[in-house]
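Subject: A structure for you to look through

Hi there,

Could you open the structure below and keep it on screen while you read? My notes follow it.

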Amino acid sequence: MTDITPLRDFIRAMTRLADEGATESRWLTEGAALLRQLIANDTWLPEECAQPGPRYRQYLLHCDPMERFCVVSFVWGPGQKTPVHNHTVWGLVGMLRGEEISTEVKPGVPMAFGQVDHLRPGEVVAVSPNLTDIHVVENALPDRASISIHVYGGNIGAIARSVFDPVTGAQKRFVSGYDNAAVPNLWDRSKEMRAA
Ligand SMILES: [Fe+2]
């Protein structure tokens with residue numbers, strides 16, 4: 001049985017940052033520190049948001065009502081990989097289980113592959129149009145699923161962004177959507193209230 005409290009606390013803290021009108025640099029430092037805390041334990045992710053599928057899955061855990069940020073669980077089955085894509089907003093990627101590889105891709109014809117980052121549990125990296133915004137991500141493990149928790153500076157599943165053909169550099173419009181129709185229930189606090 002998972003206990004969703006760490007996720008609720010994280011979302012509260014991120015909402016406070018949003019209410020303070022946090023700059024990108026605060027999101028990428030203070031927000032990253034909060035995400036590091038969240039992924040330091042692996043007891044809270046609801047099972048239904050940890051299921052791999054025939055292609056990598058993107059489960060929405062929470063979207064801020066003003067779409068200032070969202071929190072997503074990415075589940076990578078063995079051998080699964082994204083297309084080359086951008087984000088257009090800042091993002092934080094925190095590794096919860098397993099291992100993933102993120103490879104930077106630079107514009108051009110053909111596109112050039114840059115820095116390769118191996119992400120292991122507990123690690124957080126950032127993406128942003130002001131840093132590296134184009135990459136390809138894959139599961140580093142051949143035999144089991146890997147899971148990372150992402151935070152973006154918007155409702156990422158509904159943002160028009162791009163996928164790229166690395167050979168020709170051609171750019172195509174892309175709206176990712178989400179794989180779940182319902183978000184986890186953060187608000188059943190009856191257990192703690194009954195125990196009080
Ligand atoms: Fe990405």
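First, some ground rules. This is a predicted model, where local features need pLDDT of at least 70, side-chain atom pairs count only at pLDDT 80 or more, and totals for chains, interfaces and linings use all residues. Residues are numbered from 1 along each chain as its sequence is written. Helices (H or I, at least four residues) and strands (E, at least two) are DSSP runs, numbered from the N terminus.

**The two helices**

Start with α1 and α2, which pack at an angle of about 170° with their axes 10 Å apart. Axes are lines fitted to C-alpha atoms, for helices over the stretch in contact, and angles run from 0 to 180 degrees between N-to-C directions. The angle makes α1 roughly antiparallel to α2 (the term covers angles over 145 degrees). Among the residues making the contact are Phe10 and Leu17 of α1 and Trp27 and Leu34 of α2; two residues are in contact if their C-beta atoms, placed from the backbone, lie within 7 Å.

Glycine 21 sits in the loop between α1 (5-19) and α2 (24-38). Is glycine 21 buried or exposed? Glycine 21 is exposed, because 8 other C-beta atoms lie within 10 Å (exposed means 12 or fewer, with C-beta atoms placed from the backbone).

Next, find the open sheet of five strands, ordered β1-β2-β9-β4-β7 with antiparallel pairing. Two strands pair if DSSP finds at least two bridges between them. At the edges are β1 (57-63) and β7 (124-127), each with a single partner strand, so one side of each has no neighbour in the sheet. From one strand to the next, the twist averages 25°.

β4 (residues 91-97) pairs with β7 over four bridges, in the antiparallel sense. Leucine 92 has alanine 126 in β7 as its bridge partner. The helix α2 packs on this sheet, touching β4, β7 and β9 (146-152), and its direction makes about 15° with that of β4.

**The hairpin**

Finally, look at β10 (residues 161-164) and β11 (residues 171-174), antiparallel strands joined by four bridges. Valine 163 is partnered with lysine 172 in β11. Six residues lie between the strands of this hairpin, and glycine 169 in the turn has a positive phi of about 75°.

Enjoy exploring!

Technical notes: A residue is buried if 20 or more other C-beta atoms lie within 10 Å of its own, exposed if 12 or fewer, and partly exposed in between; C-beta atoms are placed from the backbone. Angles under 35 degrees count as roughly parallel, over 145 as roughly antiparallel, 65 to 115 as roughly perpendicular and the rest as oblique.
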